[in-house]
Amino acid sequence: MTGALSRVFPIATVVAAIMVVWYGFTVYLNSPWQIDRYEKAGIEWQMGDLVRDTMAHDRPILPAPHQIVVEIWETTVEKKITSKRSLIFHGSVTLSSTLLGFAMGTILGIGLAVSIVENRAMDKSLMPWIITSQTIPILAIAPMIIVVLNAVGLSGLVPKAMISTYLSFFPVVVGMVKGLRSPDPMHIDLMRTYNSSRLQMFLKLRLPASVPFLFASMKVAIAISLVGAIVGELPTGAVAGLGARLLAGSYYGQTIQIWSALISAACMAALLVGVVGVISHVTLKRMGLRA
Amino acid sequence: MARDATISRVIDAEKLSLTFDANDGPVHALKDVDLAIEKGDFVSFIGPSGCGKTTLLRVIADLEHPTSGSITVNGMTPEQARLERAYGYVFQAPALLAWRTIERNVGLPLEIMGLSAAEKAERVARTLELVGLDGFGRKFPWQLSGGMQQRASIARALAFDADLLLMDEPFGALDEIVRDHLNEQLLQLWQKTGKTICFVTHSIPEAVYLSNKIVVMSPRPGRVTDIIESDLPAERPLDIRESKRFLEIAQRVRTGLREGHSYE
């Protein structure tokens, strides 16, 4: 029990500290408007009233944590999944394009890394473009991808997933290239003394050596896939997805809705990274590597 | 194996030179090395760092290419010998693949050569027993001590039954007790298998204890300064290192090293 406690305690401390600061700011940021209202209505007010009322706004500048929790509860547990206001519905839309984009990005990344490591010409020509691709702000290129793909008849899930792919292939390429090149010269010499073929060198040495690097990259890739999916949902006219909830919320000043979508996205990212982490741990352990 | 009259000649080098191009001018790693190694020899290469002893071993293994001179391994060019898997190579570090168990590490060369699963299993078991690691096949490398890991790497080099064993300071990183033990075992292994062994070391007692031929080398440029034929008996208990004859040979090696090496 002490083991679990010693793990939970530091996290709980940080969460508690964030809560204190958050509630403080909720009162501080929402009070000018509240005081203004008291004065217009000629209401006598105490500090206690102010604290209570600043945490009960419909459209606060900063909603209190419990308001967000209530909103998330109402839009997940108490709403039907088919409802347009259900966070589960929007979350699953975002999740599906995140996962599709992540899968495509990982496959693309591995493919590019293999061609870079195995082919000198690819190494020289490809890497600069891959790096350049990531210097373009995703917010600028996302609408272009949506528009262009729409023009060729692709709409819905795939264009959004493409934006996730665009972001997520990069860490996979970088990590995988490093991983495939990670065997030390001694191992490469060893394989040469066996007169091993290039394919054997790849399958028996480079590929297994790259696995820990691949998983480290995939943890980054899945988190930015989610960012890509959300960004991809913004220019689609805010139809569905967490990105759409963010955009709709900001149209109508629904700060609680924005924050609940934000928190859900953060939780989803943590969950996804956690799942990759567990798969990584199990795989490396089964490979006999100390993960 | 009977190819021609020089059947017993495993390695034959004449005027072998190798120059590396470094940023601050050429480095003469080997210069005019003449060397003949007969079948069944245990040859130690000894010298200070930079004398080219590892480079020479790597030339034999076709991991480096000489700039001039000629060398044959089993009567072939080193490349042909490598392609025919004529030798097993043991590196300074065990160089085991971390994601493979010991038996799969030892089986790696056999796997690359495309042996059947049954033959592979049989040979792995046999070589693991030969190096005293039977029962450890299912362990991962990190679960073994440094000495056991190096023994596993020797097993790996022996697994495919090459007649020539090239060993590059295999016990350099081990403590003296483990080293003594492995030296004894290696000697027994050599007597049991009759393999030709080329052994790089910078330890004089190790070289004298193990070999029947000691090649003393010196640096800048890397060259052979003395070749000592040892007449120690084949049976060598560890305390032979206290005998008069042993110390005489060790003294000759030491003198050779000192002459070849200037400390200015």
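Modeller: Two strands count as paired if DSSP finds at least two bridges between them. The model discussed here is predicted.

Biologist: Which residue in β2(B) stands opposite Leu18(B)?
Modeller: Strand β1 of chain B covers residues 9–22 and strand β2 of chain B covers residues 25–38. The two strands pair in the antiparallel sense over ten bridges. Across this pairing, the residue in β2(B) that stands opposite Leu18(B) is Leu30(B).

Biologist: Through how many residues does a hairpin join β1(B) to β2(B)?
Modeller: Phe20(B) stands opposite Val27(B) in β2(B). The number of residues in the hairpin that joins them is two.

Biologist: Over how many bridges do β1(B) and strand β4 of chain B pair?
Modeller: Strand β4 of chain B spans residues 68–73. One facing pair here is Ala13(B) opposite Ile71(B) in β4(B). The sense is antiparallel, and the number of bridges is five.

Biologist: Which strands of chain B are the edge strands, pairing on one side only?
Modeller: The open sheet has three strands in the order β2-β1-β4 (chain B), with antiparallel pairing. The edge strands, each pairing on one side only, are β2 and β4 of chain B.

Biologist: By what angle are neighbouring strands of this sheet turned against each other on average?
Modeller: The sheet in question has the order β2-β1-β4 in chain B. With direction ignored, the average angle between neighbouring strands is 20°.

Biologist: Is Asp32(B) buried or exposed, or does it count as partly exposed?
Modeller: Asp32(B) is found in strand β2 of chain B. It is not a glycine, yet its phi is positive, about 45°. A residue needs 20 or more C-beta neighbours within 10 Å to be buried and 12 or fewer to be exposed. Asp32(B) has 16 inside 10 Å, so it counts as partly exposed.

Biologist: And Glu169(B), does it count as buried or exposed?
Modeller: Glu169(B) is found in the loop between β6 (164–168) and α7 (176–193) of chain B. This residue also is not a glycine and has a positive phi of about 45°. Because Glu169(B) has 20 C-beta neighbours inside 10 Å, it counts as buried.

Biologist: What is omega at the cis peptide bond of Arg220(B) and Pro221(B)?
Modeller: Pro221(B) lies in the loop between β8 (213–218) and β9 (223–229) of chain B. The bond that joins Arg220(B) and Pro221(B) is cis, with omega at about -5°.

Technical notes. Residues numbered from 1 in each chain as written. Chains lettered and ligands numbered in written order. Predicted model: local features only at pLDDT ≥ 70, side-chain atom pairs only at ≥ 80, totals over all residues. Helix = DSSP H or I, 4+ residues; strand = E, 2+ residues; numbered from the N terminus. Axes fitted to C-alpha atoms, helices over the stretch in contact; angles between N-to-C directions.
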